[in-house]
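Reader: I would like to learn how to read a model of this kind, feature by feature. Please give the general idea each time, then the case at hand.

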Amino acid sequence: MTTGQRIDTVFTLFVRLLLAGIFAFAAYMKLRNPAAAQAFAESIQGFKLLDPLQHHHLTVLATFAVPWLEILCAAFLILGFWTRAASFAMLGAMGVFIWAISTVIERGMNLQCGCFGEFSFPCGDTIGMCHLVRNSILAAGCLYLVIRGGGRVSIDRLLISGKPKVERLGATPTPTPTPTPSATPTRPVSSRPASDDTPIALDPVRPTPLSSSPSGVDAAQPPKPRWD
Amino acid sequence: MRFVGRVALILILATVAATVHSLYWPIYRDLPDRQARTQRAPVTDAAAQDGSPTPTGRSELPEHYISVARAYQFWEEGMPFVDARTAAERVVGTIDGAIHLETRNFIDGSATRLLEELDRAFPVIVFCGGGECDASENVAIRLSGWGFNEIYVMHEGYDAWKDAGYPTEAVGGG
């Protein structure tokens, strides 16, 4: 693993855990007791996007669905399991929050966010541009994970790279059909891009030890690990 | 396709968990909703006899909403007033003798000491800034949970009280 890949691995892990921590904290502040849940429901009502008389059931659903979505996504992000799906779900939620906050600012309303319960750091009590920026930063983090995936330290990676992991340990790989050396251009190993969720596998055009080796490759030598 | 399925499954799980959770923790729409679902009988004999508004039922304007003039009558009788505005909103002043209680005080438990000093047998009047302010209604819901049976919301808010020339005081005493 190169230094760049190490930095990338650590950064992705950091983003995952940071977002998971923030979402878990937000969910805890909304659901730590019935009064907190009632306060969050009142915050949702305060946005006046739903008619409280006709759509109270939707307010109730949103009151509990938002923190439960945060809890589930936080758990998935900590484990690195279904990272892209969990990040995408939270990205969608962030989109809704950003839209709702924008309408509040546009309407000039003076109400409390309730995003983190009664905890309002670093933004103040009243909804404003700070809340918009904060949610945009969280959305950017989610988008990064949607694009990048869970990284090397994740269950996603373990599930995907189970078989090639043997190859990284230096065991003999499965034989592959040997192309004619003269017809197949040799490709530098380092030219292949490294992707977090892409399994590490031997280059298919590379001659394998079990094949007859007209090009003079020593069959007793195991292939060298590519990136480790 | 697998990605979409995973996202959908996460959303379904959250919805199911939310539905189950909502069965255990009721969410009240407003004060009459809370009183109706907890089957509290808030009508006092005195309120019924003098025709003053009571906190039951619904109409165009909820019946527990009272005007500034009616609130002033309660103030002259020495009934407690609860200011539900935030500290930032209170800098312009408050009703003379009003207690400051926000929603957050009920969540973190800091409301307990103040509420224990109030007599639940008397009416309590809650107010906020008026207009689209929901804070007084939200605090009224919680007061109902604390055993106060006769709760009124001065829906026109502090600004209307001040404009009417009724007694006010600077925040922090004085």
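Author: We can start with the nonpolar interior. In soluble globular proteins, nonpolar side chains tend to be buried together. This is a predicted model, and its largest nonpolar core has 24 residues. Those with the most contacts inside that core are L19(A), F23(A), L69(A), C73(A), L77(A), M90(A) and I10(B).

Reader: Which elements give two or more residues to this core?

Author: From chain A they are α1 (3-31), α3, α4 (83-107) and α5 (129-148), and from chain B there is α1 (2-24). Apart from this core lies another, of 20 residues, with L31(B), V82(B), F106(B) and A111(B) among them.

Reader: How does the fold of chain A read along the sequence?

Author: The pattern is α-α-α-α-β-α-α-α, with seven helices and one strand. Among contacts in chain A between residues at least 6 apart in sequence, 72% join residues at least 24 apart. Of the 228 residues of chain A, 41% count as buried. The chain exposes about 11800 Å², and carbon and sulfur atoms supply 69% of that area.

Reader: Next, the interface. How much area do chain B and chain A bury between them?

Author: The size of an interface is often given as the accessible area lost when the parts come together. Here chain B and chain A bury about 3100 Å² between them, 68% of it on carbon and sulfur atoms. The contact takes 38 residues from chain A and 35 residues from chain B.

Reader: How many salt bridges are there between chain B and chain A?

Author: Side chains of opposite charge can pair when their charged atoms come close. Between chain B and chain A the count is two salt bridges. K48(A) pairs with D134(B), and their closest N and O atoms are 3.0 Å apart. E42(A) pairs with R142(B) at 2.8 Å, N to O. That pair crosses from helix α2 (residues 34-46) of chain A to helix α7 (residues 135-145) of chain B. Both E42(A) and R142(B) are buried.

Reader: How many salt bridges does a search of the whole structure find?

Author: Over all chains the search finds seven. One of them joins the side chains of E70(A) and K30(A), at 2.9 Å from N to O. The pair links distant parts of the chain: E70(A) is in helix α3 of chain A and K30(A) is in helix α1 of chain A, 40 residues apart.

Reader: Are E70(A) and K30(A) buried or exposed?

Author: The cut-off for buried is under 20% relative accessible area. E70(A) has a relative accessible area of 4%, so E70(A) is buried. K30(A) has 3%, so K30(A) is buried too.

Reader: Which residue meets R85(B) in a salt bridge?

Author: The side chain of R85(B) meets that of D83(B), at 2.8 Å from N to O. Salt bridges that share partners join D83(B), R85(B) and R90(B) into one network. R85(B) counts as buried because its relative accessibility is 3%. D83(B) is buried as well, with a relative accessible area of 0%.

Reader: Let us turn to the surface. Which residues form a nonpolar patch there?

Author: The patch consists of L17(A), I78(A), L79(A), I155(A), L159(A) and I160(A), with about 520 Å² of accessible area together. The elements that give two or more residues to the patch are α3 (56-79) and α6 (155-160) of chain A. The largest share, three residues, comes from α6(A).

Reader: What is L79(A) in contact with, leaving aside its neighbours within four places in sequence?

Author: L79(A) is in contact with R16(A), S154(A) and I155(A). L79(A) and R16(A) are 63 residues apart along the chain, and their C-alpha atoms are separated by 9.2 Å.

Terms used:
Residues are numbered from 1 along each chain as its sequence is written. Chains are lettered from A and ligands numbered from 1 in the order in which they are written. This is a predicted model: local features need pLDDT of at least 70, side-chain atom pairs count only at pLDDT 80 or more; totals for chains, interfaces and linings use all residues. Side-chain values use heavy atoms; hydrogens and water are left out. Patches are made of residues with over 30% relative accessible area and no salt bridge: like charges are joined within 9 Å, nonpolar side chains (Val, Leu, Ile, Met, Phe, Trp, Tyr) within 5 Å. Accessible areas come from the Shrake-Rupley method with a 1.4 Å probe; for residues, only the protein chains shown count as cover. A salt bridge is a side-chain nitrogen of Lys or Arg within 4 Å of a carboxyl oxygen of Asp or Glu. Helices (H or I, at least four residues) and strands (E, at least two) are DSSP runs, numbered from the N terminus. A nonpolar core is a set of buried Ala, Val, Leu, Ile, Met, Phe, Trp, Tyr and Cys residues joined through side-chain atoms within 4.5 Å. Buried means under 20% relative accessible area, exposed over 50%, partly exposed in between (1.4 Å probe, protein chains only). Contact means heavy atoms within 4.5 Å. Buried area is the accessible area (1.4 Å probe) that two parts lose on being put together, summed over both.
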